[in-house]
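Let's take a walk through this structure together, starting with one chain, moving on to the pair, and ending at a single residue. Please have your viewer ready.

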2 protein chains.
Amino acid sequence: MLNDLFWIVPIASILALVFAYGFFKSLMKESEGTETMIKIAKHVREGAMAYLKQQYKVVAIVFAVLTALFALMAFTGFQNGFVWFAFLTGGFFSGLAGFFGMKTATYASARAAHAASKSLNKGLQVAFRSGAVMGLVVVGLALLDIALWFLVLDIMIPESDPGHKLVVITTTMLTFGMGASTQALFARVGGGIYTKAADVGADLVGKVEAGIPEDDPRNPATIADNVGDNVGDVAGMGADLYESYAGSILATAALGAAAFMHEGALQFKAVLAPMLIGAVGTILSIIGIYAVRTKEGASQKELLGALGKGVDLSSILIIILSWVILNALGIPNVWGLWGSIVIGLLTGWLIGKETEYFTSEAYKPTKGIAESAETGPATVIISGIGTGMLSTAFPVLTIVIGTILAYLTASGFVMVNYAEGLYGIGIAAVGMLSTLGITLATDAYGPIADNAGGNAEMSGLGEEVRKRTDALDSLGNTTAATGKGFAIGSAALTALALLASYIEELKIGLHRLPEKAAAFEQAIGKTLDHANLADFMDYYNVTLMNPKVLMGMFIGSMMAFMFCGLTMQAVGRAAQAMVEEVRRQFREMKGIMTGETEPDYASCVAISTKGAQKEMMIPSLLAIAAPIAVGLIFGVAGVMGLLTGGLAAGFVLAVFMANSGGAWDNAKKYIEAGAHGGKGSDAHKAAVTGDTVGDPFKDTSGPSLNILIKLMSMVAIVMAGATVAFSLL
Amino acid sequence: MLNDLFWIVPIASILALVFAYGFFKSLMKESEGTETMIKIAKHVREGAMAYLKQQYKVVAIVFAVLTALFALMAFTGFQNGFVWFAFLTGGFFSGLAGFFGMKTATYASARAAHAASKSLNKGLQVAFRSGAVMGLVVVGLALLDIALWFLVLDIMIPESDPGHKLVVITTTMLTFGMGASTQALFARVGGGIYTKAADVGADLVGKVEAGIPEDDPRNPATIADNVGDNVGDVAGMGADLYESYAGSILATAALGAAAFMHEGALQFKAVLAPMLIGAVGTILSIIGIYAVRTKEGASQKELLGALGKGVDLSSILIIILSWVILNALGIPNVWGLWGSIVIGLLTGWLIGKETEYFTSEAYKPTKGIAESAETGPATVIISGIGTGMLSTAFPVLTIVIGTILAYLTASGFVMVNYAEGLYGIGIAAVGMLSTLGITLATDAYGPIADNAGGNAEMSGLGEEVRKRTDALDSLGNTTAATGKGFAIGSAALTALALLASYIEELKIGLHRLPEKAAAFEQAIGKTLDHANLADFMDYYNVTLMNPKVLMGMFIGSMMAFMFCGLTMQAVGRAAQAMVEEVRRQFREMKGIMTGETEPDYASCVAISTKGAQKEMMIPSLLAIAAPIAVGLIFGVAGVMGLLTGGLAAGFVLAVFMANSGGAWDNAKKYIEAGAHGGKGSDAHKAAVTGDTVGDPFKDTSGPSLNILIKLMSMVAIVMAGATVAFSLL
């Protein structure tokens with residue numbers, strides 16, 4: 001059945017991993033600098049690794065329980081025997097991507113600081129290439145997992161009715177998406193709580209009370225803060241984007257298999273298309289990474305231009321090559337699907353620009369927040385929340401227009417061609433993420449530069465070096481804004497595609513329940529295999545007048561808020577414990593402030609680790625339990641309400657939290673650069689309060705929502721058979 | 001056609017208005033106290049009246065434009081000729097209810113302060129009876145409008161096909177709901193911005209910077225602050241609840257007319273039932289108001305008990321009498337509908353209790369926020385937002401369970417009996433609000449007590465009197481929590497009922513478009529009159545796989561956030577202007593702080609008035625424009641997505657904002673009462689920041705969302721014909 005083009009997928013994946021290894025090797029050849037720098041980097045690395053080990057232990061238990069559940073479901077005939085294993089590998093590879101990325105980052109910080117002590121450009125190269133390791137590992141592992149599973153299932157799953165085999169293969173592979181999502185949620189939530197508890201704690205006592213600068217070695221929480229950047233912003237983000245990337249490809253493949261089930265060879269081409277776009281995009285990302293070069297003594301704007309050049313090059317090439325791919329595959333509606341890909345890329349780019357507008361100190365909204373700092377912390381918070389909420393209008397309208405256009409072009413402008421149109425939405429998500437290898441590199445390099453700055457500060461490398469790492473860090477903030485746009489935008493599109501996959505999984509679930517299948521076939525007057533999305537909507541009454549749908553929507557919307565509430569509170573509690581510990585050390589160890597005594601860094605690391613471990617369980621488990629519970633009570637209609645309600649509210653809430661947080665951060669930086677009285681003024685103090693509130697907004701709750709949205713869909717998909725069999729109402 | 005029982009409705013309405021007049025007269029007989037007290041009350045009264053006049057002028061322009069639009073639609077055949085006039089009367093009566101309530105409140109403040117100088121009990125009686133004027137005026141005017149319109153339309157609209165006439169009457173009457181909603185939104189948003197700009201401004205400079213107590217006459221913003229209580233918490237709330245009350249009755253009547261269209265006499269009974277429950281509840285409210293009596297020297301707990309006794313008595317009596325009403329009407333499914341009423345009452349009560357738990361300083365959540373004040377304002381904000389978001393889980397689950405149960409009992413436990421089930425949800429909303437006369441009295445009395453306190457402080461009435469008014473005020477906070485539960489809960493249920501009314505209006509819209517109607521009839525194979533909700537869902541494809549529905553949901557969810565963002569920013573901007581003005585006065589008029597110079601109160605009043613007028617336009621107009629725009633682009637499916645998405649996200653967002661705001665307020669009070677260092681401590685300062693942020697949360701953005709949810713539905717209903725005729729996709 002395999003097409004020769006398929007082999008591009010494993011080849012691209014191996015290329016990505018080989019180049020990642022190469023970048024890592026050349027990173028390790030760089031000097032780590034002075035003894036102090038080496039010592040501090042080791043502290044941070046050990047803390048981060050210890051945390052990750054601890055987290056994986058906890059997650060392993062969750063995976064063991066869920067795997068046992070899936071094995072039981074396979075045993076009782078509700079699922080095929082590959083599901084539990086696919087689930088495990090998804091989690092494993094996602095964790096691995098985070099692990100490799102973090103390992104590289106912790107090796108890179110001192111090296112980047114040392115390189116920055118030579119020149120700004122040297123620093124950029126080391127930090128960016130280290131970020132590239134992460135980017136390439138994520139896409140490489142995802143494509144590897146996809147290719148391997150596809151090959152295995154192609155051999156193992158028997159041919160049955162025409163078209164049926166690919167549907168089973170692709171929906172089984174979605175389970176590996178659930179594994180990745182589950183692992184990613186724990187990584188994002190746990191890492192997010194860790195990093196923000198440390199960050200908030202360090203800032204509140206260090207900056208505000210003691211008046212010492214960020215990353216000052218006298219601050220007992222400073223090592224924990226730097227560990228947090230690694231476990232949250234690197235390992236957490238790596239697992240997150242691994243999941244987005246794999247999820248969008250898998251969901252689209254499943255949609256393709258379903259939409260073109262009765263169209264012979266076209267079906268396989270539709271399954272292959274998203275994988276190929278990802279694979280070619282990965283190769284282009286490698287090319288783009290090499291295009292990031294600057295001359296000595298480049299200004300910050302030139303540096304940003306250099307990064308942008310790499311991303312733009314990859315994006316333009318993928319626009320051209322995706323047209324070639326679609327033609328090579330011989331898909332009939334080339335222009336339509338190509339249109340969806342281009343729309344996806346444009347949508348992601350636009351959301352990134354909008355994010356930048358609302359969060360960068362170069363524009364009016366953030367300047368307005370900075371101005372409101374003159375009247376104290378309360379008005380900073382009010383205007384920050386107001387700006388963030390208002391800002392949601394633009395990404396939402398962008399996604400709405402992008403989605404409708406991607407749907408229309410893919411469906412040949414026929415509104416009722418659901419299957420083709422939804423496939424187009426999926427392809428748009430794949431297009432948006434196709435160059436993830438390089439966009440993630442520009443994103444992951446931010447926390448590396450941040451840590452390099454921390455290392456430089458703690459090692460006393462001097463003002464000049466710190467300035468350079470700050471410049472690199474601030475560059476990272478801009479690329480991070482774009483990165484967040486892609487993460488949120490692709491989450492929305494992927495979740496829409498997963499909705500349709502849910503219906504396909506229902507079909508497979510019904511296949512296993514002869515009585516229910518017979519009732520269904522009688523009601524719709526077609527065989528199950530020929531049933532389309534509309535038939536399922538009809539039979540399960542998934543309309544907006546069905547109270548089960550409406551109640552599902554309420555619960556979905558509430559899940560997004562409750563999830564954020566739990567993670568916000570977790571950060572608040574852990575940060576409070578951190579503040580008390582730091583205050584205690586300052587109080588009891590008089591030598592800290594004079595520099596005579598080294599603070600007890602380890603106790604702060606322990607507090608963050610413990611807090612994150614304890615607090616990540618409830619929100620994460622709720623996300624898994626909600627679709628199961630709603631399914632068992634309200635059935636298919638309730639689940640679809642839950643997923644759409646969660647998506648609509650969760651998407652907007654995620655944008656709000658990310659943008660408010662980003663804007664507060666930059667409003668503070670704007671004041672620190674001299675506006676409204678500059679550092680040390682009352683306005684600055686007020687702005688620091690805003691930034692502190694924004695920390696869990698933008699780095700814990702907000703980004704976790706992206707995963708929540710998709711994880712709920714994934715769980716629903718995997719549990720679809722049980723929902724059909726057992727629902728109460 | 002009229003049934004003798006109908007006459008209970010106008011009788012109850014007149015009774016309510018007569019008793020309101022009586023309470024008002026006896027209030028006016030009370031002394032207003034010293035000359036200073038009279039002068040201050042006059043200042044506040046004039047400021048409030050001037051604001052209201054200004055606001056009504058602006059709203060009049062909006063009404064003129066919309067009325068012209070409706071007249072045009074009537075002329076071109078898209079609507080009947082009563083719609084524009086019904087719209088006008090709805091707005092007029094809603095405004096009137098707010099006006100009477102506010103007039104009473106501004107006359108009551110000095111009188112309540114004077115009465116409180118005699119005894120706590122005297123103070124309670126004056127304040128509560130003044131609140132009762134508002135409660136009774138609201139329900140009296142609503143029932144009057146309903147009864148009058150019903151009588152007029154019964155005469156004017158010709159008999160046509162059996163059952164058709166009542167459908168036309170009830171859907172036409174819904175337009176008066178839209179008038180009430182439009183007026184209410186402006187009142188809530190404008191009043192909310194006014195009151196919080198003044199409050200935040202007064203607190204930030206007065207309490208935090210100058211260190212003078214609340215309502216200190218030296219604070220230039222203090223009169224504006226007291227005016228704000230009247231225009232926001234009294235006039236705004238009055239218009240809001242007038243709209244909730246009328247809306248729930250009208251929506252349920254429309255559902256009844258539709259659900260039982262082909263069942264002869266039963267149809268009229270179903271239309272009459274919600275009106276009768278409201279009418280009887282009003283009479284019971286009057287009885288309940290008289291039951292609020294306390295002995296001299298009662299403790300605060302006893303006072304709360306006295307208020308509670310009145311409410312409980314009315315509620316228990318309505319449970320009994322609604323059973324009697326349903327039997328007297330001779331409705332077949334008495335037990336089922338009675339079940340829905342009881343469930344509605346219980347749901348409202350439970351949400352009130354949950355609100356109390358999450359916002360009262362007697363319980364863990366608010367104590368936790370107070371504790372987090374020890375580590376500064378940032379952790380107060382983080383834990384307040386976390387708590388508020390988390391708290392949404394309980395009201396959502398309560399509404400979900402209540403709705404499903406109300407639906408099931410009314411539909412005879414048959415899930416697919418949509419029309420009957422939805423009628424049950426409407427009846428539950430009517431049940432929840434049936435005793436609004438007295439619950440609103442206990443709610444409206446809060447701001448009156450608050451103003452009495454302000455008057456006492458400014459007139460220098462001494463510590464003892466201020467203590468008594470504070471006790472009354474704090475009592476008001478508890479009843480306000482319950483009141484908010486009813487307002488939010490009933491908004492959700494009413495909005496659900498309005499969804500179904502939208503479909504009915506579509507039916508009428510199709511009647512006016514012969515070609516579209518023919519296409520519809522052919523597609524569903526039934527005549528239009530026999531089409532049911534499911535047929536419309538089918539024909540317009542209102543399923544969750546239709547991208548138009550999904551995009552509508554995204555936009556609906558975004559509308560809730562954007563609306564809050566705009567109102568939050570409005571408060572922020574207006575408050576900043578206020579802060580600058582107060583700072584200017586303190587700076588330039590040295591005599592203020594020493595008490596030698598009277599501050600320029602009028603300039604602060606003018607800033608709030610101008611700010612509110614300017615800032616209320618955009619959010620309010622967007623709320624009206626969104627359903628029209630979505631309808632014209634995405635058609636019926638998009639509109640239903642918009643309404644449900646807006647409802648699901650808006651409800652949860654409203655609960656979050658109300659609860660965070662309430663909890664911050666009480667956490668501050670808890671600290672002021674001595675916890676965590678008490679007044680003047682750093683923890684207190686941090687808590688004041690929380691309270692200040694919470695002000696627009698709980699009194700501007702949060703409560704306005706209740707109206708937004710319903711107004712969008714009302715607009716969609718009134719514009720249904722145009723949507724069917726002109727939609728693009």
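What follows goes from the fold of a chain to the contact between the copies and then to one side chain's surroundings. Keep in mind that this is a predicted model.

Start with chain A by itself. Its secondary structure consists of 22 helices and 0 strands. Along the principal axes, the C-alpha atoms of chain A occupy a box of roughly 80 × 50 × 45 Å. How does the radius of gyration of chain A fit a compact globule? For 729 residues, such a globule would have a value near 27 Å, and chain A, with 25 Å, agrees with that. Burial can be looked at as well: 68% of the 729 residues of chain A count as buried.

Now bring in the second copy. In general, two copies of a chain are related by a rotation about an axis and a shift along it. Here, chain A is superposed on chain B by a rotation of 180° with 0.0 Å of shift along the axis, and the RMSD is 0.0 Å. This is the relation of a two-fold axis. To find that axis from chain A, look for A:T543, whose C-alpha is the nearest to the axis in that chain, at 2.2 Å. Both copies use the same surface, as 100% of the contact residues of chain A recur in chain B.

Which residues make up that contact? Chain A gives 70 residues and chain B gives 70 residues. On the side of chain A that touches chain B, helix α18 (residues 547-588) of chain A provides the largest share, with 21 residues.

Finally, zoom in on one residue of chain B. B:L711 sits in helix α21 (residues 682-718) of chain B. Is B:L711 buried or exposed? B:L711 counts as buried because it has 27 C-beta neighbours inside 10 Å, where the cut-off for burial is 20 or more. Setting aside neighbours within four places in sequence, B:L711 is in contact with B:S181, B:T182, B:L185 and B:A623. For another landmark, take B:N121: it is 590 residues from B:L711 along the chain, and their C-alpha atoms are separated by 40 Å.

Methods: Residues numbered from 1 in each chain as written. Chains lettered and ligands numbered in written order. Least-squares fit on C-alpha atoms with pLDDT ≥ 70 in both. Contact = placed C-beta atoms within 7 Å. Helix = DSSP H or I, 4+ residues; strand = E, 2+ residues; numbered from the N terminus. Rg over C-alpha atoms; globule rule 2.2 N^0.38 Å. Buried ≥ 20, exposed ≤ 12 C-beta atoms within 10 Å, placed from the backbone.
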